[in-house]
Amino acid sequence: GIDVDCSRDVLVERSRLDVGDDALCVKAGKDWFGRTFGYPSTNITFRDNVVYHGHGITIGSETSAGIANVSFENISMHGTENGVRMKSERGRGGLVSGVAYRNVTMVGVGTAISLSLNYHEGLPKTNATATPRFDGIVIENLTANHSMV
């Protein structure tokens with residue numbers, strides 16, 4: 001898939017993906033390195049893309065440096081494991097804000113919307129007090145056929 005990590009002002013459009021992991025993904029540094037060096041991912045747009053297989057259109061799980069102003073627009077998904085997917089874990093930290101999923105169509109997707117803040121359950125925490133925060137998440141005009149919600 002396409003993983004955008006610690007980047008800004010990115011546009012991914014008119015792509016077709018058939019992958020075995022996250023199809024379109026935004027990350028921002030992992031654990032101590034992400035919090036210490038602080039290179040967030042901001043102003044990311046995924047537009048007019050088609051996803052055939054994979055784990056979904058995803059935020060995380062690496063969120064330590066922060067993620068802001070991300071949009072997934074006009075995305076068509078067919079047979080993916082997940083649709084909209086947001087994940088992080090205690091110990092990673094970081095603020096995820098201003099994320100919009102708009103005009104997303106899913107057919108035969110396993111789980112249409114997934115949110116986990118305990119993504120790697122059982123792993124030792126690198127910082128027990130670094131709790132990730134999610135704010136300003138918008139899901140608008142999502143259609144899921146033959147999918148679980």
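How many bridges join strand 5 to strand 7? The answer is 9, and the two strands run parallel. Strands here are DSSP runs (E, at least two residues), numbered from the N terminus, and two strands pair if DSSP finds at least two bridges between them. The structure is a predicted model, in which local features need pLDDT of at least 70 and side-chain atom pairs count only at pLDDT 80 or more, while totals for chains, interfaces and linings use all residues. Residues are numbered from 1 along each chain as its sequence is written, and side-chain values use heavy atoms, with hydrogens and water left out.

T45 has S71 in strand 7 as its bridge partner. Strand 7 is also joined to strand 9, by 10 bridges, and this pair runs parallel; I67, for example, has V96 in strand 9 as its bridge partner.

The rings of F46 and F72 are stacked, because their centres are 4.9 Å apart and their planes lie at 10 degrees. With F46 in strand 5 (residues 41-51) and F72 in strand 7 (residues 67-78), this pair ties together parts that are 26 residues apart in sequence. F72 and Y101 are stacked too, with ring centres 4.7 Å apart and planes at 5 degrees. Y101 lies in strand 9 (residues 95-107), so its pair with F72 ties together parts that are 29 residues apart in sequence.

The nonpolar core comes next (buried Ala, Val, Leu, Ile, Met, Phe, Trp, Tyr and Cys residues joined through side-chain atoms within 4.5 Å). The largest such core has 27 residues, and those touching the most other members are L24, F46, I57, I59, F72, I75 and Y101. At least two residues come from each of strand 4 (24-27), strand 5, strand 6 (57-59), strand 7, strand 8 and strand 9.

A last stop is K87, in strand 8 (residues 82-87). K87 counts as buried because its relative accessibility is 5%, the cut-offs being under 20% relative accessible area for buried, over 50% for exposed and partly exposed in between (1.4 Å probe, protein chains only). Contacts (heavy atoms within 4.5 Å) of K87 beyond four places in sequence include D22, T58, Y119 and F134.

How values were computed
Helix = DSSP H or I, 4+ residues; strand = E, 2+ residues; numbered from the N terminus. Phe/Tyr/Trp six-rings, centres within 6.5 Å; stacked < 30°, edge-to-face > 60°.
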